[in-house]
Amino acid sequence: MEAASPHSLYFPDGIYVYFDNEVVLNHVNHGAHIVLCGMISEYNKVWTERKGVWNLLNMVGKEVMMKGFMVGSYYNHFEEFVKEMEVQLKEGKIKSKHKVYNGIESFLESLTSLFSSSNVGKVILQVTP
């Protein structure tokens, strides 16, 4: 018996919307929407050295829409976002993954983690207790 993939365990009905993670392309539903933003680990690479998405054919057969965006295009929604996020955070509906680096001496390590794809979530550099 073959073990179920983690994706099928967490998303037994497939995925309709996801944010910037090519691994789930194997599990998207017909008509899914993909939001692209960030990809900071690729910023400083020459374009010929950047890693490409390896399973885009899934998007064709499932008629998936992929769209990139830049946060600067949405500054006019910032106040609305802050109000909504405050409610979501207070209600415990938003959970965050983060890694805390302690002390200014950890600055280079914390900065490097942003560009190495080794980090999941937010990077926090705590310089005072």
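Among contacts in the protein between residues at least 6 apart in sequence, what percentage join residues at least 24 apart? The value is 50%, where contact means heavy atoms within 4.5 Å. The model is predicted: local features need pLDDT of at least 70, side-chain atom pairs count only at pLDDT 80 or more, and totals for chains, interfaces and linings use all residues. Residues are numbered from 1 along each chain as its sequence is written, and side-chain values use heavy atoms, with hydrogens and water left out.

The protein has four helices and five strands. Both are DSSP runs numbered from the N terminus: helices are H or I with at least four residues, strands are E with at least two. Along the sequence, the pattern reads α-β-β-α-β-α-β-α-β. Of the 129 residues, 16% are buried. Buried means under 20% relative accessible area, exposed means over 50%, and partly exposed lies in between (1.4 Å probe, protein chains only).

Helix 3 covers residues 78–90, 13 residues in total. From first C-alpha to last, helix 3 reaches 18 Å, close to the 18 Å expected at 1.5 Å a residue. The expected span is 1.5 Å times one less than the number of residues. Glutamine 88 is found in helix 3. Glutamine 88 counts as buried because its relative accessibility is 18%. Beyond neighbours within four places in sequence, glutamine 88 contacts Lys93 and Ile94. Just after helix 3, glycine 92 takes a positive phi of about 75°.

Serine 110 lies in helix 4, residues 107–115. Its relative accessibility is 4%, so serine 110 counts as buried. A polar atom of the serine 110 side chain lies 2.7 Å from the backbone oxygen of phenylalanine 107. Setting aside neighbours within four places in sequence, serine 110 is in contact with Tyr101, Val123 and Leu125.

The second largest pocket has a volume of about 210 Å³. A pocket is defined on a 1 Å grid over the protein atoms alone, as an open set of points where a 1.4 Å probe fits, with protein on both sides within 12 Å along at least five of seven lines. Grid points are joined across faces, edges and corners, and the volume is the space filled by probe spheres set on the points. Lining residues have an atom within 4 Å of a point. Here they are Phe69, Val71, Tyr74, Tyr75, His77, Phe78 and Phe81. By class, six are nonpolar, one is polar and none is charged. Ala, Val, Leu, Ile, Met, Phe, Trp, Tyr, Cys and Pro count as nonpolar, Asp, Glu, Lys and Arg as charged, and the others, Gly among them, as polar.

Methods. A polar contact is a pair of N or O atoms within 3.5 Å; within protein, one must be able to donate a hydrogen and the other to accept it, and residues adjacent in sequence count only if both atoms are side-chain atoms.
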